[in-house]
Amino acid sequence: MGNQNGLFIVLEGIDGSGKSTQARRLKATLDRLGRKSLLLHEPGGTPLGEKINSLVKHSTHIDIGHVAETLLFAAARAQLIEEVIQPALLNGTTIVCDRFTPSTEAYQGYGRSVPEELVKVATRYVVGALVPDIVIWLDVEVETGLARKQGPHLFGVADRFEDEESSFHNRVRNGYIRMGKERHDLWFRVDGAKPVDEVEANVWRIVQERLSKVN
């Protein structure tokens, strides 16, 4: 089945879980096999999304409230779906997306305690009938993730979420744990604390099984 002709794969996890690394590796594997694929990240993937990414994650001179933060992520997602994801899936492209709606539920819903009604607007309403074919959740302890993020920030710019206290990241991880239990038919947990090559192999095993059912 899948989303029209393409396959929609989402990688999720707390900061430092290794999802961005694994998303790049998965895209490289798909390319080697000759499968048309596209690597995306949230927020981003469009000119509007990249502007929002810079504003929400790296702007230190602007105060952004939790409700505004949630709606900005929703705006970036709406643009990404309309401009990139839907056309790519219709064209038979396999999409590897670094974060999607579960991040909003985990970070804004559980982490920021944004009301559930607003989180639904930013997730279910915005995406409509679009549902990932696979959500691969790279699970690590908060201490492990934060330790991986220590040191100079990428491009020397602080990430507002990485700089949050461990209590925030614990709430986020608890959100992922709860979602993983509720959506076991769609979610696949991978131990992100394992060596990176072992994690890659486990991720590919999940994707390969799903691909075998749609080919």
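**Entry 1: Arg99**
I began with Arg99, which sits in the loop between S3 and H4. Arg99 is not a glycine, yet its phi is positive, at about 85°. For the names, helices (H or I, at least four residues) and strands (E, at least two) are DSSP runs, numbered from the N terminus.

A note on what I am reading: this is a predicted model, where local features need pLDDT of at least 70 and side-chain atom pairs count only at pLDDT 80 or more, while totals for chains, interfaces and linings use all residues. Residues are numbered from 1 along each chain as its sequence is written, and side-chain values use heavy atoms, with hydrogens and water left out.

**Entry 2: Pro43**
Next I looked at the loop between S2 and H2, where Pro43 has its place. I found a cis peptide bond joining Glu42 and Pro43, with omega at about -15°.

**Entry 3: the sheet**
In which order do the five strands of the open sheet stand? I read S2-S3-S1-S4-S5, with parallel pairing. Here two strands pair if DSSP finds at least two bridges between them. Strand S2 (37-41) and strand S5 (187-191) are at the edges with a single partner strand each, so one side of each has no neighbour in the sheet. From one strand to the next, the twist averages 20°.

Leu11 has Asp98 in S3 as its bridge partner.

**Entry 4: helices on the sheet**
H3 lies across S1, S2 and S3, and I read its direction as about 160° to S2. Helix H8 (residues 196-214) also packs on the sheet, where H8 touches S1, strand S4 (134-139) and S5 and makes about 165° with the direction of S4.

**Entry 5: H2 with H3**
I looked up helix H2 (residues 47-58) against helix H3 (residues 66-90): they pack at about 160°, with axes 8 Å apart. That makes H2 roughly antiparallel to H3. On this scale, angles under 35 degrees are roughly parallel, over 145 roughly antiparallel, 65 to 115 roughly perpendicular and the rest oblique.

On the H2 side I found Pro47, Leu48, Gly49, Ile52, Leu55 and Val56, which meet H3 residues including Leu72, Phe73 and Gln79. The residues of this contact divide into nine nonpolar, two polar and two charged. For the classes, Ala, Val, Leu, Ile, Met, Phe, Trp, Tyr, Cys and Pro count as nonpolar, Asp, Glu, Lys and Arg as charged, and the others, Gly among them, as polar.

**Entry 6: H4 and its two partners**
H3 and H4 pack at about 175°, their axes 11 Å apart. That makes H3 roughly antiparallel to H4. Glu69, Thr70, Phe73 and Arg77 in H3 meet Thr101, Thr104 and Gln108 in H4, and I read the classes as one nonpolar, four polar and two charged.

I turned to helix H4 (residues 101-111) with helix H5 (residues 116-127): the angle is about 175° and the axes are 9 Å apart. That makes H4 roughly antiparallel to H5. Thr101, Thr104, Glu105 and Gly109 in H4 meet Val119, Ala122, Thr123 and Val127 in H5. The classes in this contact are three nonpolar, four polar and one charged.

**Entry 7: Phe73 again**
How many aromatic pairs are there? I found seven, where rings of Phe, Tyr and Trp (its six-membered ring) pair if their centres lie within 6.5 Å; planes under 30 degrees apart are stacked, over 60 edge-to-face and the rest tilted. Phe73 and Phe161 have ring centres 6.0 Å apart and planes at 40°, so this pair is tilted. The pair links distant parts of the chain, 88 residues apart: Phe73 is in helix H3, and Phe161 is in the loop between helix H6 (142-148) and helix H7 (166-182).

Definitions and conventions: Axes are lines fitted to C-alpha atoms, for helices over the stretch in contact, and angles run from 0 to 180 degrees between N-to-C directions. Contact means heavy atoms within 4.5 Å.
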